[in-house]
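I opened the model today to look up a handful of residues. These are my notes, entry by entry.

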Amino acid sequence: MTLSEKDSQYLWHPYTQHKTAQTPIAITRGEGALLWDENNKEYIDAIASWWVNPFGHSNKIIADAIYKQLTTLEHVLFGGFTHEPAIKVAEKLMEILPANQQKIFFSDNGSTAVEVAIKVALQYFFNKNEKRTTIIAFENAFHGDTFAAMAASGISFYTQAFQGMFIDVVRIPVPVKGQEEFSFKALKTVIESHNCAGFIFEPLVQGAAGMVMYEPEALATLIGICKENKVLTIADEVMTGFGKTGKTFAMDYVAEEPDMMCLSKALTGGTIPMAITTFTQDVFDAFYDDDINKALFHGHTFTANPTGCSAALASIDLLRTAEMQNNIQRINVSHLIFQKKIENHPKVITARTLGVIFAVEIKSDAEESYYGSMRTKLYNFFIEKGVVLRPVGNIVYILPPYIMTDEQLQKVYDTIEEAIEMV
Ligand SMILES: *Cc1c(COP(=O)(O)O)cnc(C)c1O
């Protein structure tokens with residue numbers, strides 16, 4: 001039996017209807033931007049394995065850092081104890097985060113980073129004896145699959161089984177070009193008519209919605225409105241963080257700073273699951289009291305795992321090298337050239353680029369659903385050609401590891417052009 005065949009006996013995969021899904025591809029090896037399956041077929045990983053892997057698979061520098069940490073101190077509880085790797089991660093993040101971010105809280109994945117931020121927003125006002133219980137989020141947002149993160153997410157088929165069981169979330173439109181005023185007005189209306197605690201958003205790019213982009217000026221206006229009304233702002237940078245948008249954080253483009261930020265995915269270079277939520281001093285101070293009941297009673301067993309921290313330290317160092325910054329610029333320039341080439345194609349609705357993120361919307365007859373027939377056709381075509389791309393409905397996006405070579409990138413572009421002709 002192949003690994004793919006054995007898999008179906010015990011394994012339950014994410015976002016998968018096992019009755020109709022194809023058998024998963026068993027990957028045995030990865031190096032740089034490449035993956036190999038059990039039949040030694042080669043694939044270009046054009047989406048950095050769900051946006052986690054900027055520096056390439058099986059990266060030796062991160063692996064060495066992890067090995068060193070594993071053989072020094074693999075883990076110690078973070079309740080009542082601390083350790084150098086966690087402190088170093090905090091110090092390093094302070095150098096690169098927006099200046100107002102002063103405190104960091106560790107957890108395990110993007111959803112928990114969001115869960116922590118939402119709980120902190122709600123308890124912030126509870127601690128101040130103010131009744132504010134509504135969270136504001138964008139339409140079609142994605143913030144993760146745990147309960148509060150799911151409540152904040154607006155992609156309906158992810159959440160429909162749980163409607164009526166959520167915390168109070170009100171949605172406003174994304175301020176895409178031409179729609180900014182609707183978004184500003186909706187935010188003001190929500191704030192007037194609800195007791196709002198926080199506003200959570202994916203800054204500049206909504207990943208899971210299909211790389212939907214909007215301008216930093218619009219986000220600054222929205223944050224400004226929240227500030228005037230003392231609504232806490234949460235920048236979910238789980239996808240956009242660590243160079244994807246061309247700057248270290250998407251918030252680096254925005255004139256206003258958020259009250260909290262959520263980080264994960266590329267934080268450890270795609271090696272060890274870890275996440276961080278960051279806060280201003282003001283947020284931290286709302287929990288700082290002689291009364292133990294005002295503390296944040298939230299934690300995870302593996303909080304601040306030293307091995308994960310060592311991977312994060314190595315990753316942030318890699319990100320800051322001139323070589324990696326050049327790679328990000330190189331890919332951005334290359335995307336823009338490709339965008340120009342295909343945006344006027346009769347089958348293309350629109351194409352867009354920010355940093356290393358590229359997306360193209362392909363014309364389709366029917367209203368194309370997330371996992372619709374065009375999506376399946378495209379996905380299978382890419383896999384057959386040895387390129388890992390996961391279209392969202394009729395939107396094909398590229399989010400390559402920064403180390404992807406020009407040749408590999410060209411193959412990804414060529415394959416997408418062929419796919420546009422094919423569908
Ligand atoms: C992926 C993602 C999450 C959830 O992260 P997980 O590690 O999958 O739980 C949250 N927010 C955004 C913006 C994401 O892209």
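**Entry 1: the model.** I am working from a predicted model.

Entry 2: I checked UniProt first. Its unreviewed entry lists Gly110, Ser111, Asp236, His300 and Thr301 under "binding site". I then asked how these residues are spread. They span 192 residues of sequence, and in space their C-alpha atoms lie up to 22.9 Å apart. Which of these residues does the lining of the second largest pocket include? I found Gly110, Ser111 and Asp236 there.

I took Gly110 next. It sits in helix H5, which covers residues 110–127. Is Gly110 buried or exposed? Its relative accessibility is 13%, so I put it down as buried, since the cut-off for buried is under 20%. Leaving out residues up to four places away in sequence, I noted that Gly110 touches His143, Val238, Ser264 and Ala275.

I located Thr301 in the loop between helix H10 (281–285) and helix H11 (306–319). Its relative accessible area is 68%, so Thr301 is exposed, the cut-off being over 50%.

**Entry 3: the annotated lysine.** UniProt, again in an unreviewed entry, places "modified residue: N6-(pyridoxal phosphate)lysine" at Lys265. Where is Lys265 found? I traced it to the loop between strand S11 (260–263) and S12. Lys265 has a relative accessible area of 23%, so it is partly exposed. I listed what Lys265 touches, not counting residues up to four places away in sequence: Trp50, Trp51, Val52, Val238, Met239 and Gly270. Val238 is on the list for Lys265 and also on the list for Gly110.

**Entry 4: Thr278.** I stayed with strand S12, which runs over residues 275–280 and holds Thr278. Thr278 has 0% relative accessibility, so it counts as buried. Which side chain makes a polar contact with the side chain of Thr278? I found Gln101, at 2.7 Å. Setting aside neighbours within four places in sequence, I saw Thr278 in contact with Leu97, Gln101, Lys103, Ile104, Asp259, Met260, Met261 and Leu263.

**Entry 5: charges over rings.** Lys103, one of the contacts of Thr278, came up again here. I found its charged end over the ring of Phe284, 4.5 Å from the ring centre. I noted another case at Arg375. Its charged end sits over the ring of Tyr379, 5.0 Å from the centre.

**Entry 6: aromatic pairs.** How many aromatic pairs does a search of the whole structure find? I got 18. I looked at Tyr124 and Phe125. Their ring centres are 4.9 Å apart and their planes stand at 80 degrees, so I logged the pair as edge-to-face. Tyr124 is buried, with 8% relative accessible area. Phe125 is buried too, at 2% relative accessibility. I also noted a cluster linked by ring pairs: Tyr15, Trp50, Phe142, Phe157 and Tyr158. Trp50 is also among the residues that Lys265 touches.

**Entry 7: His83.** I placed His83 in the loop between helix H3 (60–70) and helix H4 (84–96). At 6% relative accessibility, His83 counts as buried. Its side chain reaches the backbone nitrogen of Ala86 at 3.3 Å. Beyond residues up to four places away in sequence, I noted that His83 touches Leu73, Val76, Phe78, Ala304, Pro306 and Cys309.

**Entry 8: Ile416.** I found Ile416 in helix H14, residues 406–422. Its relative accessibility is 0%, so Ile416 counts as buried. Leaving aside neighbours within four places in sequence, Ile416 is in contact with Phe338, Val360, Phe382, Leu389, Val396 and Ile398. Ile416 and Asn229 are 187 residues apart along the chain, and their C-alpha atoms are separated by 46 Å.

**Entry 9: Gly32.** I ended on Gly32, in the loop between strand S1 (27–31) and strand S2 (34–37). At 23% relative accessibility, Gly32 counts as partly exposed. Its contacts, leaving aside neighbours within four places in sequence, are Gly56, His57 and Ile403. How far apart are Gly32 and Gln163 in space, and what separates them in sequence? I noted 42 Å, C-alpha to C-alpha, and 131 residues.

Technical notes:
Residues numbered from 1 in each chain as written. Predicted model: local features only at pLDDT ≥ 70, side-chain atom pairs only at ≥ 80, totals over all residues. Heavy atoms only, no water. UniProt positions renumbered as here; feature names shortened; annotations may be inferred. 1 Å grid on protein atoms, 1.4 Å probe; cavity = no way out; pocket = protein on both sides within 12 Å on 5 of 7 lines; lining within 4 Å. Helix = DSSP H or I, 4+ residues; strand = E, 2+ residues; numbered from the N terminus. Buried < 20%, exposed > 50% of the residue type's maximum accessible area, 1.4 Å probe, protein only. Contact = heavy atoms within 4.5 Å. Phe/Tyr/Trp six-rings, centres within 6.5 Å; stacked < 30°, edge-to-face > 60°. Lys NZ or Arg CZ within 6 Å of the ring centre and 35° of its normal. Polar contact = N/O pair within 3.5 Å; in protein donor to acceptor, adjacent residues only side chain to side chain.
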